[in-house]
Amino acid sequence: LSLDGFGMPGCELLQSSDRLAEAVTITGPTTGTFGIFLPNLPGLLGVELFLQGWAHAPGANAAGLITSNGIEWALGQV
């Protein structure tokens, strides 16, 4: 989904829109971590998650936000 219409030209939403924000703990000047609970259920094998970061960036565009590249996780068995 292009974010041009939201004041973020050149940015795209590369994740599903059902969960748009998760809390991140800043661990350094350019790093952060977050936790997600995944129950140990066989039915989750093969499920794909699509994640993307965003950050406040006043002056970068009209929305004052920037986005990261997207990442895909596939839940599997080791």
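**Entry 1: F34**

I began with F34, which is partly exposed, with a relative accessible area of 38%. I note here that the model is a predicted one. I located F34 in the loop between β2 (31–33) and β3. I then asked which residues make a nonpolar surface patch together with F34. The patch consists of V24, I26, F34, I36, L38, I71 and W73. I recorded about 640 Å² for this patch.

**Entry 2: Q15**

I next looked up Q15, which lies in the segment before β1 (25–28). Is Q15 buried or exposed? Its relative accessibility is 16%, and buried means under 20%, so Q15 counts as buried. I then listed the contacts of Q15, leaving aside neighbours within four places in sequence, and found L20, F50, L51 and Q52. For one of these, Q52, I also looked up a distance to Q15. A polar atom of the Q15 side chain lies 3.4 Å from the backbone nitrogen of Q52.

**Entry 3: A55**

Which residues are in contact with A55, once its neighbours within four places in sequence are left aside? They are G64, L65 and I66.

Terms used
Residues numbered from 1 in each chain as written. Predicted model: local features only at pLDDT ≥ 70, side-chain atom pairs only at ≥ 80, totals over all residues. Heavy atoms only, no water. Helix = DSSP H or I, 4+ residues; strand = E, 2+ residues; numbered from the N terminus. Buried < 20%, exposed > 50% of the residue type's maximum accessible area, 1.4 Å probe, protein only. Polar contact = N/O pair within 3.5 Å; in protein donor to acceptor, adjacent residues only side chain to side chain. Contact = heavy atoms within 4.5 Å. Patch = residues over 30% accessible without salt bridge, like charges linked within 9 Å, V, L, I, M, F, W, Y side chains within 5 Å. Areas by Shrake-Rupley, 256 points an atom, 1.4 Å probe, with all protein chains shown as cover. Salt bridge = Lys/Arg side-chain N within 4 Å of Asp/Glu carboxyl O.
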